[in-house]
Amino acid sequence: MEEGNTIAKRAGSRLCCLCNERKPALKRPKTLEQICRDCFYNVFEEEIHQVIVGNHLFKDGERVAIGASGGKDSTVLAYVMSELNRRHNYGLDLFLLSVDEGITGYRDDSLETVKRNEVQYGLPLKIVSYKDLYGWTMDEIVKVIGLKNNCTFCGVFRRQALDRGAAYLKVDKLVTGHNADDIAETVLLNILRGDVARLSRCTSITTGEDGPIPRCKPFKYTYEKEIVMYAYFKKLDYFSTECIYSPNAYRGFAREFIKDLERMRPRAIVDIIKSGENFRISTSTKMPEQGTCERCGYISSQKWCKACVLLEGLNRGLPKLGIGRSRCLENSNDNRKEAKRNDGDRIIESKQCGSLDF
């Protein structure tokens with residue numbers, strides 16, 4: 001009799017720990033639960049739904065742009081947002097928004113995936129390009145700046161390009177596929193850099209509320225490994241090649257460290273995010289004041305936004321002008337600035353960092 005109970009227990013241990021009916025298909029990286037595919041789909045989607053509802057990310061009738069790169073995160077985000085919007089009657093008008101950085105053999109291929117997603121999910125697609133907005137592609141920028149600081153240019157330009165694309169679509173919100181791993185990495189990076197201003201807001205699920213278009217992160221507590229598993233089991237169409245210019249990116253060191261922590265203690269990712277949420281900046285700490293760029297009107301704490309400074313350096317043959325401590329043309333030597341004031345005025349009147357009005 002006891003032997004029969006033992007066999008039954010062993011058989012039961014091979015079943016999904018949630019439904020106790022089907023064989024488990026995976027062990028959740030987040031909780032280490034052994035569950036079947038159907039239960040995984042349910043808990044994965046329900047957790048994201050609860051994050052959306054619990055944080056009041058959207059209102060009925062809002063127009064929402066989904067930042068779509070063709071990668072796993074944005075593809076799963078587009079699929080899940082479409083499903084939840086239909087299932088729970090969010091009442092959202094959804095759009096796909098992509099940025100063409102101009103990287104041959106990478107972005108041109110991934111955009112083909114996004115175009116297929118447009119048809120698969122029935123979502124309108126808008127593509128904005130660095131070439132149209134800034135007059136430069138990333139391939140051209142890398143030829144000038146090299147591989148060391150190229151991610152600085154790309155990150156700054158992409159952020160503004162997304163905002164300008166969202167403004168073109170006249171959306172109320174922009175959602176991105178930043179997952180829990182990404183946010184934990186950002187917390188560590190801001191600590192290493194001593195960037196108090198960004199550290200105080202990098203864990204916020206909604207940012208830019210005081211700007212033209214707020215950004216939301218429905219995947220804030222969703223692990224990257226689970227996103228990959230969801231895409232794999234659902235057989236979603238996504239592009240998996242890494243950017244050819246990113247292997248030397250500074251973020252890569254934080255990413256490797258996060259992965260090591262996760263292997264030892266899966267809960268570490270969420271714990272880092274929670275720690276970031278609990279950081280309190282002293283009231284005596286001087287924070288940068290938010291304003292607008294005198295040149296293009298974009299959000300900036302300086303006279304010129306970072307994109308304008310970087311673009312100015314590229315156009316003048318000084319690509320390192322905005323790298324490191326050099327923050328803006330106006331912050332250079334006073335005598336040099338006075339001597340070139342007229343020339344600078346002519347430059348300001350020339351091509352701006354964006355051609356899409358807010």
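Modeller: Here "buried" stands for under 20% relative accessible area, "exposed" for over 50%, and "partly exposed" for in between, with a 1.4 Å probe and protein chains only. The model is predicted, so local features need pLDDT of at least 70, side-chain atom pairs count only at pLDDT 80 or more, and totals for chains, interfaces and linings use all residues. Residues are numbered from 1 along each chain as its sequence is written, and side-chain values use heavy atoms, with hydrogens and water left out.

Colleague: Is C151 buried, exposed or partly exposed?

Modeller: C151 is partly exposed, at 35% relative accessibility.

Colleague: How many disulfides are there?

Modeller: Zero, where a disulfide is a pair of cysteine sulfur atoms within 2.5 Å. C39 is in none, and its nearest cysteine sulfur, that of C36, is 3.5 Å away. For C151, also in no disulfide, the nearest is the sulfur of C243, at 6.6 Å.

Colleague: And C39, buried or exposed?

Modeller: C39 is buried, with 9% relative accessibility.

Colleague: Changing topic. Which helix holds E83?

Modeller: E83 is in helix α3, residues 72–87; helices are DSSP runs of H or I with at least four residues, numbered from the N terminus.

Colleague: What does the side chain of E83 contact?

Modeller: The side chain of R86, through a polar contact of 2.5 Å. A polar contact is a pair of N or O atoms within 3.5 Å; within protein, one must be able to donate a hydrogen and the other to accept it, and residues adjacent in sequence count only if both atoms are side-chain atoms.

Technical notes
Helices (H or I, at least four residues) and strands (E, at least two) are DSSP runs, numbered from the N terminus.
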